[in-house]
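Hi,

Here is the structure I promised to pass on.

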Amino acid sequence: MTTEDLHELAEKETDRQRQLRDRILYCAAAGCVSCGSHATRDAIKKALKERNLEKEVEVLGTGCMGLCGEGPLVKISSDGSVYERVDEETGRRIVEEHLCEGRKVGAHLIDTSQPFFSSQQKIVLEHCGKINAESIDEYIAAGGYGALARVVTEMQPQDVIEEIRKSGLRGRGGAGYPTGLKWGIVRKAKSEQKYAVCNADEGDPGAFMDRSVLEGDPHRILEGMAIAGYAVGANQGYIYIRAEYPLAIERLKLAIKQAERLGLLGNRIFESDFNFRIDLRIGAGAFVCGEETALLRSIQGRRGRPRPRPPYPSEVGLWGMPTLINNVETYANVAPIINRGSAWFAGIGTPKSTGTKVFALAGAIRNTGLIEVPMGIPLRNIIFDIGGGTPEGTEFKAAQTGGPSGGCIPAEHLDLPVDYESLATVGSIMGSGGLIVMDSTSNMVEVAKYFMDFCMDESCGKCIPCRVGTVHIYGLLDTISRGKGTTDDLALLEELCVMVKETSLCGLGQSASNPVLSTLKFFRHEYTDLLSKPESFVPSVSPDPASAGPADGPAANDGHDSTTHA
Amino acid sequence: MLSEASRQKIELLKARYRQPQAVVLAALWMWQDEHGWVSEEGLREVADLLGLPYHHVYGVVTFYTMYNKEPVGRHKIEVCTNVSCMLRNSDRILDHIRKRLEINVGETTPDNRFTLVEAECLGACGGAPAMQIGDEYHENLDPAAVDRILNELK
């Protein structure tokens, strides 16, 4: 494969598409598949066949179209119309009325000029919903692997790193470490063998961005990894993906096979001396494996327990070799930066947080789904313009970012720009992109307790502050939420939270207290109300306060002295 | 015993890594795919094939929650009860399934048809509440939808 071959392939595919009368795109991401998009596809194909249109009109499955709550989604390529809730009957009508008679099926048509679509800016998701996720030809026709060709044939590794550095790209896994800097460290590390790893162990509750990118545009990740491999001097890449994502695994397997067949992965890529292979490593259900040192141990076939850093994986990683680890979304940004230049990328977002960020909207919000916005956009725009606000009759209360490692942002901070620094000032983090909205019906103590339950379950048990601390924090939260807490309990809770934060070994423990500290900061009254007036406690499941009093029920393992009970 | 095909695959994989230990997770997945769960026999076979001590493989299998350490029913129902689903009443879904199947979380129906477990975030928050059965995701659930889905599974 040479650059010319690549262009030829792209032209051939573009020609093929041009000769079609139209293309009907249906969302084949897990969300739409689960609400029946395959049945819709079959109905559309059947309707086309009945009208002898099956050769002129192509039906193809794409990555996530974004509006996951309204699936199955279907798009008509020629005029960009998007339909929601397309069942089999509607699919048939789209063929009959829209394609044959030129009449749009009004009841299911989505207004694409609404802010949900118009306020977004798509870089990472630019192919999702536009190309067939299972076709390498379509990816190439959309310019795919062009960045890799350029890098390998025209650029020196140092220049690639410099380009990424100048773009200002920062790690999208949550911590926001400058990507170019990390690449530079791995490049400089002296070793005969280096690795490039993609962290696709997306585990934060509320986060499904990486899943959607992998399902919708898997080649983008392979291309980004290969460019990174070239830049840092690695010839082997691993994608560590959680086993809970069967569709993403299937698409990645297929994509790797396709790329190998065309010589875009393997030996002598673009007839250069650069060799790069990618293998898939599948996890087995351990949240802590998203932590990079734990992830590396898991790849090596061990229990996924973290180790202290330094040394960082950039210097001592897989089998002791320098290893680059980036998140899925970070890799997805690489090819566009090479194609369009670092200056273009640096011009998007804010000076310190450049580019865009993909968010997964979930919880008490009208438009659940996947969005991509420029960094620095006010939270208000995300929640109300794009997300459509909270369900009718309820009021916005808080947005939780960063999952169990993050914090909540209350209504008074709605105008906060969403970038790494601003979110930190209110005690939250950018996180990987989960954005869970809570409305006036949400009980913040319950939410904090929920996240602590999660961290307690997922603690690997290696270090004591996390293993024991999370259990005791959970116990205190449970006592308080059942109306049995005292002011002493609250003080102890805060003290413990700070201790676990400061003394835990890895990111899981260090950030486990964040949801508690953050809800204490902004919704302290919800805690103190439970202390002072225990009889007023209303659990979210039961509307009847009388039957849900704090009086009885077996005491949980509170983990503290029983004399503190009110 | 693992099938011949899986054994060959393991040999191929062993050659790909610096240490055979790296193949443990993949080999355990193969065993589970073929037998439904990982028994002691499975642990011993994986240990033998990779030339590892039994206790290492035991340590790995007990660390990761998705390996079944006991036999499970033909359909493993994993209900997501994580925060996005909780905010959209996943408790109601779990309760409904418990009552319908007359089993608790972690148990299998006497006819060996279903096993019910709670899952951590399935990454299906856009369609919460959600559950996974085998490789299939089911989203935007309510009790009626759950009934429809379970009725179809034999």
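Before going on, some housekeeping. This is a predicted model, where local features need pLDDT of at least 70 and side-chain atom pairs count only at pLDDT 80 or more, while totals for chains, interfaces and linings use all residues. Residues are numbered from 1 along each chain as its sequence is written, chains are lettered from A and ligands numbered from 1 in the order in which they are written, and side-chain values use heavy atoms, leaving out hydrogens and water.

Back to β2(A): six of its six residues are buried, so the strand is largely enclosed by the rest of the structure. (Strands are DSSP runs of E with at least two residues, helices are runs of H or I with at least four, and both are numbered from the N terminus.) The strand belongs to an open sheet of five, ordered β2-β1-β3-β4-β5 in chain A, with mixed pairing. β2 (57-62) and β5 (109-110) of chain A are the edge strands, each pairing on one side only. Two strands pair if DSSP finds at least two bridges between them; β1 (residues 22-27) of chain A and β2(A) run parallel and are joined by six bridges. Among the partners, Arg23(A) goes with Glu58(A) in β2(A), and Cys27(A) goes with Thr62(A).

**Helices**

Helix α3 (residues 37-50) of chain A lies across β1, β2 and β3 (74-76) of chain A, at about 160 degrees to β1(A). Angles run from 0 to 180 degrees between N-to-C directions, and axes are lines fitted to C-alpha atoms, for helices over the stretch in contact. Contact means heavy atoms within 4.5 Å.

Elsewhere, α10 (residues 209-216) and α14 (residues 328-340) of chain A pack at about 45 degrees, with axes 9 Å apart. α10(A) and α14(A) are therefore oblique to each other (under 35 degrees counts as roughly parallel, over 145 as roughly antiparallel, 65 to 115 as roughly perpendicular and the rest as oblique). Asp210(A), Val213(A) and Leu214(A) of α10(A) meet Val328(A), Glu329(A) and Ala332(A) of α14(A).

Gly216(A) also sits in helix α10 of chain A, and is buried with a relative accessible area of 0%.

Cheers

Methods: Buried means under 20% relative accessible area, exposed over 50%, partly exposed in between (1.4 Å probe, protein chains only).
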